[in-house]
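The sequence and structure come first.

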Amino acid sequence: MVYTTSSLFLKSLSLAGITHAFVNWGSDHPAMLEELQRQRFEGEHQGATSPCVITCPNEMVALSAAQGYAQVTGRPAAVIIHVDVGTQALAGAIHNVDRGRVPVLIYAGASPFTSRNEMKGSRNEWIMWLQDIPDQTAIVRQYMRYTAQINSGRNVVQIVKRALQIATSEPKGPVYLWARREVMEEELPFALYNSLSMKPHISVSPAALSPVDTMAISTALLTALHPLIITSHIGRNQDAVSSVLTLSTLLAVPVFCVCPSTVNIPFSHPFLFGITYLSPGPTTDSFEEHLQIADTVLVLDSDIPWIPSKCEPSEDGSRVFIIDSGDPLKTNVAMGTWDAALHRGVELICCADTETAVGQLVDVTKEHIGGSTTKLETVILEIRDRIKQRAQRIKQVHDKWIARLDGDESIPDVAKEGPSNLITVPHIMRALREVVAPISSKSLIINEAISNYGVVWEHARAEFPGSLLTSGGSSLGYALGACVGAVLGSSSSSGTGSDTMDYDLVTAVVGDGTFMFGVPSSAFWIARRYNTPFLTIVLNNGGWKSPKLSMLAVHPQGHGSKARSGEQLSVGFSFESRTQISAAQSDRISPSYSQIAVAATDGWAWGRSVSLSSDNATESPDLVWKTLKGVLAEAVRIVIEEKRCAVVDCLLEAL
């Protein structure tokens, strides 16, 4: 039996704990395909392969699936792709795993370097000349934590181990390995394969704050009149959430989640002030108001805590402290000095694990406000009284925020309010909550609603870390593939004692064209092939609203503001209007998104469209609401009971 570098590479992945490989094969992978079939034939893994191979007819979907898998399990997956063209086809998913700090091992083959049969695997197809570029790694290098070429099977285990050690150390992220075809075809003795072993790779231990920095930050929080915590990503380490909750409760410090990628604070926490993506709206207004009066701001694991051109802390006495788990200076962002670009009042920028650092702050704070009877007793009593009064005030702000969200979700009374959008995104999220709550306590929402990012976050009302995710980046097309990976990750950990939550429902909420960008024909094909059912809710506003909003922010009274439709502005996805002038959803001819999923799976997926706009003034809001809930209830039943994908296309007011 022949063993090759490919044999040792795949075994190295398995020894390192990688259980799934999302693959898109090409002419550079003959030895891998041969090795996988050898595993099946010899029964080395009871007729299966290790890692488990997930065939993906699109590379961006493959990497998005690997991202969703890693986000749910906390473990990296592998992505195997084809030479330079497959590397390019990873597309924006490369950006997402980089910005989202998601560990993924990417392997790409490369064209053979011999052309006259000098070695096994030499060039024998015309494409191999075209695909041999001068620097294949350059395509992705600036997004990777580590890149390396495999030159021999005899040390491949060392290369894999080093790559994963870097990928899983802060700042976590993707790594890229590549090899020529002849190298992967190199024949090696069975003894080398059989004796191959690997001790677990050791990631860098979490860092702590220095005693001086711990004292400086805790003192600033203790003496502040209007402290504020801003965070975006602490929930990536779910154990860090409880530490931040303790600090917030102990000192009555309000929290804003700004541009979050995961659940950082339970929705019901009385000191949570809101969730915002800094786009115009009441939550952003509230954030800007509290940011301007804050005298001490603690920024925890946040890439964009505020936009200086719109709002920033007061320059008169506002103190800013930044703690980041891996890259506090944002060295992969070409924007100059990060602290100066944000605010002149930045006093400390600390590279420290958030869970560890906040735990230190909690310990010091408890020590300071404990039952001391020293000469500082008067000061301590004053601090305690201030905290008590502040707790009462900020609880009122939280309650006011909840009341506003409740109002947004209430069904409009046409008799009192007149015709309006009958059902909007807040209503959709309320309907989803009400349908899911009685039958599932372990659900996950993957949010790629774009112009409705913040609305979905707030109205999802997520309580548990890991129950709502985004890509952490800005490249569209993540959600569908991520759902496939999330379901695989959840099911692979079921019953294993893993900390991974065993979700019984995964839902993608997509908008602004992200359904199309997610390559649904490929994503749903994979879902059927590997039995990874999930629910998709399409917030269909007739196109791609975000570019229009960006234009209006710069040219609010310009020519574009007077555009008749999204199609005229070239951001609409409808083919044309029946009347050519109407912007009404019922008059527009749009793609049947739900039926794309049905067709891609040969009828396995289930799909329905629901019109929620105000085109038909004779329909009451109650009737539309009942229709929406009925469709969502059936969709959820399809996913949970029948284990099939379901797509609900919600037709909103056209942009």
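Strands (E, at least two residues) and helices (H or I, at least four residues) are DSSP runs numbered from the N terminus, and two strands pair if DSSP finds at least two bridges between them. The model is predicted: local features need pLDDT of at least 70, side-chain atom pairs count only at pLDDT 80 or more, and totals for chains, interfaces and linings use all residues. Residues are numbered from 1 along each chain as its sequence is written, and side-chain values use heavy atoms, without hydrogens and water.

Six strands form an open sheet with parallel pairing, in the order 11-10-9-12-13-14. Its edges are strand 11 (272-276) and strand 14 (346-351), each pairing on one side only. Strand 9 (residues 227-231) and strand 10 (residues 255-258) pair in parallel over 3 bridges, and Thr 231 stands opposite Cys 257 in strand 10.

**Nonpolar cores**

A nonpolar core is a set of buried Ala, Val, Leu, Ile, Met, Phe, Trp, Tyr and Cys residues joined through side-chain atoms within 4.5 Å; buried means under 20% relative accessible area (1.4 Å probe, protein chains only).

| Core | Size | Residues include |
|---|---|---|
| Largest | 98 residues | Ile 217, Leu 298, Ile 323, Leu 535 |
| Second, separate | 58 residues | Leu 90, Val 487, Ala 523, Ala 597 |

In the largest core, the four residues named touch the most other members. Leaving aside neighbours within four places in sequence, Leu 298 is in contact (heavy atoms within 4.5 Å) with residues including Ile 217, Leu 228, Ile 230 and Ile 323.

Note on methods: Buried means under 20% relative accessible area, exposed over 50%, partly exposed in between (1.4 Å probe, protein chains only).
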